[in-house]
Amino acid sequence: MKKLLIAIALIVTIIVIYFITKPADQKSYSIIKTKYENLIDHNFNNVDIFLNTSNELILLCSDFETKYSSSEKLNDVQEIKSKTKDYINSQIPIFVNSDVISLQKEALMIKDTSLLLNSLDSMLKKIDYYSTYTQLNSSRDTLISLKEKVLFCLLYTSPSPRDRQKSRMPSSA
């Protein structure tokens, strides 16, 4: 009789735990799924907002994996997490390449060389940061090439020290 009561108590405990945790994991999964759909459907104009939104979703997925490791939705959440990481890797180059193209167009209009070089350096730093997410070698190479051309033109068009001296040629007058 004692064993039967223990078995019944154990079954009741399991059922109670199941019904207490099931709605929470379902609710969390619903939130994750909705955030993922919004991420995919949203047209982001800013890479930083895109990354913050994506990273928030990845953190929610990781939190779900920790809290609900035996949930029937665990595989779905892991798939969403993986797809989000893939989406980040596919979108960052698009954002960065767009910025690089804009900077190349601006380079044609910027008359102040130091301003242009500062813009190029700033963009290179951005690329280095975003490279922690995905490879951006072609964008980086394009900017470095543009910077080298600007520096070469600056060097080529700068007056030499001799140009500042008076001419050594005798005057014909």
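This is a predicted model: local features need pLDDT of at least 70, side-chain atom pairs count only at pLDDT 80 or more; totals for chains, interfaces and linings use all residues.
Leaving aside its neighbours within four places in sequence, with which residues is M123 in contact? The legends below take up this question after an overview of the fold.

View 1. Residues are numbered from 1 along each chain as its sequence is written, and side-chain values use heavy atoms, with hydrogens and water left out. The order of elements from the N terminus is α-α-α-α-α-α, where helices are DSSP runs of H or I with at least four residues and strands are runs of E with at least two. Of the 173 residues, 25% count as buried, that is, under 20% relative accessible area with a 1.4 Å probe and protein chains only. Among contacts (heavy atoms within 4.5 Å) with a separation of 6 or more, 68% are accounted for by residues 24 or more positions apart.

**View 2. The packing of helix α2 (residues 47-67) against helix α3 (residues 74-109).** The two axes, which are lines fitted to C-alpha atoms over the stretch in contact, with angles running from 0 to 180 degrees between N-to-C directions, come within 9 Å and cross at roughly 160°. The helices α2 and α3 are therefore roughly antiparallel to each other, a term that applies to angles over 145 degrees. Residues that make the contact include F50, L57 and F64 of α2 together with I80, Y87 and F95 of α3. By class, the residues of this contact divide into 14 nonpolar, six polar and three charged, with Ala, Val, Leu, Ile, Met, Phe, Trp, Tyr, Cys and Pro counted as nonpolar, Asp, Glu, Lys and Arg as charged, and the others, Gly among them, as polar.

**View 3. The packing of α3 against α4.** Here the axes lie 11 Å apart at an angle of about 175°, and α3 and α4 are therefore roughly antiparallel to each other. The contact involves, among others, V96, V100 and L103 of α3 and L120, M123 and I127 of α4. It comprises ten nonpolar, one polar and two charged residues.

View 4. M123 is buried, with a relative accessible area of 7%. Leaving aside neighbours within four places in sequence, M123 is in contact with V96, D99, V100, L103 and L143. M123 and V96 are 27 residues apart in sequence, and their C-alpha atoms are 8.8 Å apart in space.

Technical notes
Buried means under 20% relative accessible area, exposed over 50%, partly exposed in between (1.4 Å probe, protein chains only). Angles under 35 degrees count as roughly parallel, over 145 as roughly antiparallel, 65 to 115 as roughly perpendicular and the rest as oblique.
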